[in-house]
Amino acid sequence: MFFIDVILPIPLKQTFTYSVNKDEAAFLQPGMRVAIPFGKSKVFTGIVYQVHDQAPVGYETKSIDHILDENPIITTHQLKHWEWIAKYYMCSLGEVIKAALPSAFLLESETMIKLSTEINIEEKSLTDEEFLVFEALQNQTSLHINEVRSILDKKNVVSVINKLIDIKVVDVEETVYEQYTPKLVRYVKLSPEYTSEENLRQLLDSMSRAPKQREVLMNLFVLSSQTKKPITTVALQKKSNASASTLKSLIDKGVLEEYFIQKDRVEFSGEVTTAIKELSEAQTTAYQEIKATFAEKDVVLLHGVTSSGKTEIYVRLIEQMIATGKQVLYMLPEIALTTQLITRLQKYFGEKIAVYHSKFSVNERVEVWNNILNEKPKAQVVIGARSSLFLPFKNLGFIIVDEEHEASFKQYSPSPRYNARDSSIVLAKLHKAKVLMGSATPSLESYYNAKTGKFGLVTLKKRFGNVLMPEIELVDIKEKSRKKQMTGLFSDRLLEEMRETLGNGEQVILFQNRRGYSPVVECTTCGVSPQCPNCDVSLTFHQYKNQLRCHYCGYKIAMMLSCIACGSETLDTKGFGTEQVENELKPLFPNHKIARMDQDTTRGKHAYSKLIEALENEEIDILVGTQMLAKGLDFRNIGLVGVMNADNLLNFPDFRAHERSFQLLQQVSGRAGRTQKRGKVLIQTYNPYHQILKQVSVNDYAEMYKEQLEDRYNFKYPPYYRTIKIVFKDKNFKKVQKASAWFAQALQVPFKENVLGPEPPPIGRIKNMYIINILIKIPKDQSLSKSKKFINNVQRSFNTIKDFSSVRINIDVDNY
Ligand code: ADP
Ligand code: ZN
Ligand code: ZN
C-alpha cells in the first residue's frame, strides 16, 4: 500500500492522506497537483506534500481521482519557504498555498468556468465530454464545477476541465477588467501644401485679419526650430496661448494637419532602447560599497535620499546578476502604482522583464509562473508586489525590496498575514541569494538591524546631479486663521507660492490624506452626526454624488436635508478631503487644469496610468491627491508640493504614527524639484512645533530615528519587542467580550504584564461584527517559537469551548 499526504487550500493545519497505487506512487513527486474527493461531494485540487507507505491510524483512506501534472509545478524551495511562512505567521500551509498559486492551478467546487475569449478550436477535435461542456457554455455564460458534473453525469470532472483550460477553450471565471485603450497623443504639423516659401508667404499675407491664427502659426515655426521632435497640440496651444477653437479652425482650413501617435506604457515592444546610465561618483561609491558588503552580509540596506538615483544602482546590480544566469526579484509596494518604473526597466532589459500583477488575467499569471519555473530568459527579472515572493524561482540570485518602509509589504487580510520584506530574507537564504532593501526613509526596524550589524548599511546623502533637497516651510494655520489669512483651506502663503510656481510654467502637487469631500456631517444644533448602521463610524459626505457613505462596509444613503436627531436644518461639514480641496481650487485657479488622484478616481485598471501620463505630458497644472502621490514617482516639472494638513497624520492612534508621518511627508516632499531647480514644499499645520514636523523640515532622519527609538524602548515596541495581535470578532458583543477575556486570562502566565487588552480598537464594530484586540509584546530574550506554541495551545483549548464557537480569531504576527 502507498499513500500521499496532500495539502489542501483551506485553513486546517493538517495534511490529508490518500491512497495511491504502486505506479502512481512511483510517478508522484512533492509539488504535483492531484484532484481528490473531499467530504460528500466536493472536489479539490491538492498539492502532494510527500509520498510514503505509512497507513494512517484511525481512518480509511480514499483514493485520488487524478494526477494533474507531469512535473511538479511547485519547487522544493517554495514548499520549504511556505512552511516557514505558515509556522512564523501562525497559519496553515493551505492558506499560504491559496495565496501563492494563481487560482487557475487550484480548481475546486466553487470555481466557475467560462468560454475563453481567444478560442479558435476545431470542434471535431474535442472528445465527447469536452464537447458537452463546450456546448453548454454556448448557452450559458458560465458554469459551476458542480453543474459540469451533472452535465457529464459523473463526479470526477477536474481532468476534463483542466484539459479544456490547457487547449484554451475555457477560462476560469474572474471579474471582468476594464480594457486598456492605449493613449493617443495629438500632434500638429504644417500642411505639405505650404512647405514652399511662395505658398507660405501668400498664406501669411492672407492671414493678416486673423492675428490669433497667425500667432499660432508663427509659434509652430519657433517650436519646430527648437526641437526636431513632433509637436503636440498641447505644446503649441500653450506656447501661443491660443484656444482650442483657434487651432481647430486652422486645421479645418487645411493649414495645419493633425495626426496621432500611440503612446503606450503598458504594452512593450520588447526592444532594448536605452543604454544603462553611467553612474555618478557618489553612485559608484555606493555601488561598490554594496558589493563589498555583500561579501559579508546577506542583507544590505541602501539609505538614499529621494532622487539620489537608487534605481540606477539597482539597474547596475541587476545587469551583473543576470549576466551570471541567475534570476532577480524586484519587489515593490504596489505594482499598480509603478508603471513609470516598469517602463524604465523595460527600456534597459527588454524582454527579460516579467511583471507579476494581481490585476492580470489568470492566463497571464500562469504564463509568468511557467516562464519562471522553466527558467525562461523571458522572465529573468521579475517585478511584482508582495505576492511575487511566491513565484517558482529555480535559480534566484538577488532580491530587491524597493521602498522597504512601506506598510503594504505586510498583508493584513486574509491569512497568511505575512510581511514580504521580512519573508524575502528567508527565501534568499534558501537560494543563497542576496537581499538589497532600499528607501529614502527606512523603517525603524530595518535601520535598527543595519545599525546593530545584522544588515549592511550604505548611504547616499545627495540627490543625483547635485539637485538640492527641496526647501520645506511649515505654515501655522492656527495663526493664519486668527489673522484671517486663510481662504478656505488655503493659507495666503500657499496661494502665493502656487501662483508663482504656476506662473513659472511649473506644476503643483497638493497632498491631503483623506478622500471624499468631507469626513463627517454634524448638526450644529444638537451635535449629532449620522452613523453607519453596521459599523461604529460616522458616515462621510461625498459631494459629487450627494451621498453619505461608509468607507468600511460600503453602506450609502442620500445626504439628508435636516438632522435625523433634532430635525433642525443646521447641518455642517467637518474636516475635509481631496474632493473639497479640488472644489475650492477651481474658483481660485479658473485658468488652470486641476485633477484629483485618490481611490475614487483611480478605480479602473488604467485610470492611474492615465493620470500619471497626463501629469508627465503637462496636461495637468495642479494635482490633488492622497498617499498615492508618495509612491516613488519621478516627474520633471513639479515646482511645489503643498501639504494641506499634516495634523491628522500625526494624531493617528498607533505606535508607528510618528514614524509613518515622517516617511509620508518626506516622500511627498521628494516629488518636488527633481531636476536642476530647487523645489519648494509648504506644510500647513496647527502645530508647527511638533518634533516630527521639525525633523521633516530639516530632513533629519537621524534625529527622528533616535527619538522614535527611545519611545519604542520606553513603551516596549519593535524593534525591542516583538508583537502579536489577536483579533476577536463576533456579532454578539457580550460573547466577544467574554471570549477575549478568557483568552487574555490564559495568556497571563507566560506573558504577564506584556499582555495588552482585551480592548476594542478605535472602530469597535465593522460590518456588524464587534471587534476586540489583545496585543502581546514579547521581549527579544523570550523564545518566539515557544511563545507561539503556547498561543497555539491556548487557541486549541479555546476552540473546544462550545460557548465561543461562533467567535472568529485572527492572529497577526509582527502586526502593522
Ligand atoms: P531614486 O530612486 O533614488 O528616487 P532615481 O533613480 O529615480 O532616484 O533617480 C532620480 C532621477 O535622476 C531620475 O530621473 C534618473 O533618471 C536620474 N538619474 C539617476 N542616476 C543617473 C545617472 N547616473 N545618469 C543620469 N541620470 C540619472
Ligand atoms: Zn440635530
Ligand atoms: Zn459601515
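Predicted model: local features only at pLDDT ≥ 70, side-chain atom pairs only at ≥ 80, totals over all residues.
Take Cys 526 and Cys 566 as a pair: they are 40 residues apart and link distant parts of the chain. Cys 526 sits in the loop between β23 (520-523) and β24 (540-542), while Cys 566 belongs to the loop between β26 (556-558) and β27 (571-574).

Now over to ligand 1. How many residues surround it? There are 17, and the closest are Glu 278, Gln 283, Thr 311, Arg 344 and Asp 634. Sorted by type, that shell has eight charged residues, six polar ones and three nonpolar ones. Helix α12, residues 310-323, gives the largest share of the shell, with three residues.

Let me point at some contacts with oxygen atoms of ligand 1. A polar side-chain atom of Arg 344 is 2.8 Å from one such oxygen. Ser 307 uses its backbone instead, with an N or O atom 2.9 Å from an oxygen of the ligand. Then there's Arg 636, where a polar side-chain atom lies 3.2 Å from a ligand oxygen. Taken on its own, ligand 1 has 560 Å² of accessible area, and the protein covers 84% of that.

Next, a couple of residues in helices. Leu 220 is in helix α8, residues 211-226. With a relative accessible area of 3%, Leu 220 is buried. Leu 236 is 16 residues away from Leu 220 in sequence, and their C-alpha atoms are 6.5 Å apart. Arg 365 is in helix α14, residues 362-373, and at 12% relative accessibility Arg 365 counts as buried too. Between Arg 365 and Phe 27 there are 338 residues of sequence separation and 27 Å of space, C-alpha to C-alpha.

Most residues other than glycine have a negative phi, and most peptide bonds are trans. So what about the bond from Pro 718 to Pro 719? That one is cis, with omega near 5°, and Pro 719 is in the loop between α24 (701-714) and β32 (721-730). The bond from Gly 757 to Pro 758 is cis as well, omega near 5°, but Pro 758 lies in strand β33, residues 755-759.

On the phi side, Glu 403 is not a glycine, yet it has a positive phi of about 55°. You'll find Glu 403 in the loop between β16 (396-402) and α15 (420-431), and it is buried, at 14% relative accessible area. Asn 768 also has a positive phi, about 65°. Asn 768 is in the loop between β34 (765-766) and β35 (769-779), and with 32% relative accessibility it counts as partly exposed.

Terms used:
Residues numbered from 1 in each chain as written. Chains lettered and ligands numbered in written order. Heavy atoms only, no water. Helix = DSSP H or I, 4+ residues; strand = E, 2+ residues; numbered from the N terminus. Near = heavy atom within 4 Å. Polar contact = N/O pair within 3.5 Å; in protein donor to acceptor, adjacent residues only side chain to side chain. Areas by Shrake-Rupley, 256 points an atom, 1.4 Å probe, with all protein chains shown as cover. Nonpolar A, V, L, I, M, F, W, Y, C, P; charged D, E, K, R; others polar. Buried < 20%, exposed > 50% of the residue type's maximum accessible area, 1.4 Å probe, protein only.
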